Amino acid sequence: MRLPTLFIPHGAGPCFFMEWTRGPADAWARTETFLRGLVAGLPERPKAILVVSGHWEAPVFTVGSGERPGLIFDYYGFPEHTYRLTFDAPGSPALAERVRGLLTGAGITSAADRARGWDHGVFVPLKLVTPQADIPVVQLSLKAGLDPEEHLAAGRALAPLRDEGVLILGSGMSWHNMRGFSPAYTAASAEFDAWLAKATGNPASLARWAEAPNGRLAHPQEEHLIPLMVCAGAAEGEPARAVFRDTVMDVVISAFEFGEPQMAAA
């Protein structure tokens, strides 16, 4: 089967693995349920997962190529036990090489990094998505400058992976204004989310996200939105839809799926 691509909210730090005290205790409960059911909702179990996280930017698109990446605890001020979380999924140097080959074939410069571990935009959601840590994982960086068109182009280049059993997963947040989680922002977040839901089916519109209603309010810095561009580019011309939506800490957040399940080309 040809797999769809998905853009998911990865939550706030290690929010799924602690007692949440920065709002209702069940603030992230629906997001957790969605992530735990993600693989079961796919047409088939992925052979590997390629994650584009909002927490890694590099001068060029860079692929993590280590066999057993460690974890980067790039969150601050959380309970001590959350800095001892584990996620033991294997990497895949072969998939990393395949990713670089596809990017090169599209005229896109790339690099490999064997030493870098997985940031929390990878291991926190994937501890829910694949709790047995039995699916190989490779991380792809964002490219510095965060040009939407460049990330759409990278997605187009990587589209063949969908026919090879690789799930392309964008990990970020559809709303990521760190000072904008309060009732004062509920209406603005809903308006931006409604625009985003319509724009996901039109990459040309999606690339102009900063012109959207409350676009810059939703993303004063856009690193948590740009993984969405890779997912959209990898399924350009196919349907897109919101597959999850919730109001968390007074703002609307969503997940989006791109592409329709279908038999892969022989």
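Which residue forms a salt bridge with E164, and how far apart are the closest N and O atoms? The legends below take up this pair and two others.

This is a predicted model, in which local features need pLDDT of at least 70 and side-chain atom pairs count only at pLDDT 80 or more, while totals for chains, interfaces and linings use all residues. Residues are numbered from 1 along each chain as its sequence is written, and side-chain values use heavy atoms, with hydrogens and water left out.

**View 1. The salt bridge of R98 with E164.** R98 pairs with E164, the closest N and O atoms being 2.5 Å apart, where a salt bridge is a side-chain nitrogen of Lys or Arg within 4 Å of a carboxyl oxygen of Asp or Glu. The two residues are 66 residues apart, R98 in helix α2 (residues 93-105) and E164 in the loop between α4 (148-158) and β6 (166-172); helices (H or I, at least four residues) and strands (E, at least two) are DSSP runs, numbered from the N terminus. R98 is partly exposed at 35% relative accessible area, and E164 is partly exposed at 32% (buried means under 20%, exposed over 50%, partly exposed in between; 1.4 Å probe, protein chains only).

**View 2. The salt bridge between D246 and R30.** The side chains meet at 3.1 Å, N to O, and link distant parts of the chain, with D246 in strand β7 (residues 240-248) and R30 in helix α1 (residues 29-36), 216 residues apart. D246 is buried at 13% relative accessibility, whereas R30 is partly exposed at 47%.

**View 3. The salt bridge between E257 and R241.** Here the N to O distance is 3.2 Å, and the pair ties together parts that are 16 residues apart in sequence, because E257 lies in strand β8 (residues 251-258) and R241 in strand β7. E257 is buried at 12% relative accessible area, while R241 is partly exposed at 49%.
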